[in-house]
Amino acid sequence: MDAPLNTRLAAYASKLRELNFPFADAYDDLVARLYSGEVGSAAPALGDEMPPFLLPDRSGALVSLEELTSKGPIVLSFNRGHWCPFCRITLKTIAEHHDEIAQAGAEVVSIIPDRQQFTDDLRRATQDTIRILTDIDSGYALSLGLVAWVGENLKTLMKGRGYHLDAFHGNDGWFLPVPATFVIANDTRILARFVDPDFRRRMEIDEILAAIKSSSSRR
């Protein structure tokens with residue numbers, strides 16, 4: 001679909017509703033609960049320093065925020081997991097713009113709670129252009145106020161579709177990160193951010209590119 005990211009996401013959400021897929025109403029209920037609880041409101045703000053992290057990559061090596069930003073700005077994308085269609089649409093769309101992002105001197109990093117053994121399909125879908133780090137037990141996302149429990153109704157629906165978060169995460173908490181995108185300069189300052197409890201909406205590619213280019217002009 002040759003359209004802006006949020007148009008693609010909205011089309012997918014609309015198709016779920018059109019097909020009377022039970023997830024559509026469950027997603028509405030979850031998002032309403034997250035908005036009511038102001039989930040994500042405490043996440044780092046524009047101009048803040050992004051809190052440091054040390055998370056494992058595919059090889060098991062620990063990767064730090066300092067290491068990543070030492071090479072230039074990064075696009076840090078929190079996603080719910082390899083199984084999430086909205087996250088897959090988002091990351092595949094970002095991957096389509098890999099050359100533009102790389103030419104601007106930036107790297108895209110996705111943080112998900114899934115263990116690395118479950119991420120191969122996502123890597124293939126994005127042509128291995130995005131570095132994927134595992135946030136064990138969602139500890140880093142939790143420290144940023146970006147974690148929520150899925151709820152019993154959605155948990156039942158997900159298990160019925162084969163989405164076993166207990167296996168994906170290695171724990172039985174059934175917590176997921178709130179998807180968020182941060183464009184971070186090489187001094188770890190946040191140049192742009194998008195935090196919305198409605199995981200069906202994400203930062204547009206044009207906004208990501210504009211923030212990266214603004215980082216280049218500051219150097």
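Because the model is predicted, local features need pLDDT of at least 70 and side-chain atom pairs count only at pLDDT 80 or more, while totals for chains, interfaces and linings use all residues. Residues are numbered from 1 along each chain as its sequence is written, and side-chain values use heavy atoms, with hydrogens and water left out.

Packing comes first. The largest nonpolar core has 49 residues; a core here is a set of buried Ala, Val, Leu, Ile, Met, Phe, Trp, Tyr and Cys residues joined through side-chain atoms within 4.5 Å. Buried means under 20% relative accessible area, exposed means over 50%, and partly exposed is anything in between, using a 1.4 Å probe and protein chains only. The members that touch the most others are Met50, Phe53, Leu76, Phe78, Leu146 and Phe182. Helix H2 (residues 22–36) gives this core its largest share, seven residues. Helices (H or I, at least four residues) and strands (E, at least two) are DSSP runs, numbered from the N terminus. In soluble globular proteins, nonpolar side chains tend to be buried together. Phe53 is in contact (heavy atoms within 4.5 Å) with Val63, Ser64, Leu65, Leu68, Leu76, Ile111, Leu133 and Tyr140, once neighbours within four places in sequence are set aside.

Next, the charges. A search of the whole structure turns up 14 salt bridges, each one a side-chain nitrogen of Lys or Arg within 4 Å of a carboxyl oxygen of Asp or Glu. One of them pairs Arg8 with Glu96, the closest N and O atoms being 3.1 Å apart. This pair ties together distant parts of the chain, with Arg8 in helix H1 (residues 5–18) and Glu96 in helix H4 (residues 85–96), 88 residues apart. Arg8 counts as buried because its relative accessibility is 13%.

With Asp196 it forms a salt bridge whose closest N and O atoms are 3.1 Å apart, and with Asp198 the side chains meet at 3.6 Å, N to O. Arg201 itself is partly exposed, at 38% relative accessible area. Asp196, by contrast, is buried at 11%, and Asp198 is buried too, at 6%. Salt bridges that share partners join Arg17, Asp25, Asp28, Asp196, Asp198, Arg200 and Arg201 into one network.

Arg202 is another story. It is found in the loop between strand S9 (190–195) and helix H10 (205–218). A polar atom of the Arg202 side chain does lie 2.8 Å from the backbone oxygen of Phe199. Not counting residues up to four places away in sequence, Arg202 touches Leu5, Asn6, Leu9, Asn79, Phe86, Cys87, Thr90, Pro179 and Phe194.

Pro197 is in that loop between S9 and H10 as well, and counts as buried at 9% relative accessibility. Its C-alpha atom is separated by 8.3 Å from that of Glu38, 159 residues apart along the chain. Beyond four places in sequence, Pro197 is in contact with Val31, Leu34, Tyr35, Val39 and Val178.

As for the cysteines, the count of disulfides (pairs of cysteine sulfur atoms within 2.5 Å) comes to zero. Cys84 is in no disulfide, and the nearest cysteine sulfur, that of Cys87, is 3.2 Å away. Cys87 is likewise in no disulfide. Cys84 is buried, with a relative accessible area of 0%, and Cys87 is buried at 1%.

Finally, the backbone. Most residues other than glycine have a negative phi. Gln127, although not a glycine, has a positive phi of about 55 degrees, and Asp128 also has a positive phi of about 55 degrees. Gln127 is placed in the loop between helix H6 (120–125) and strand S5 (131–134), and Asp128 is in the loop between H6 and S5 too. Gln127 is exposed, at 56% relative accessible area, whereas Asp128 counts as partly exposed at 49%.

How values were computed
A polar contact is a pair of N or O atoms within 3.5 Å; within protein, one must be able to donate a hydrogen and the other to accept it, and residues adjacent in sequence count only if both atoms are side-chain atoms.
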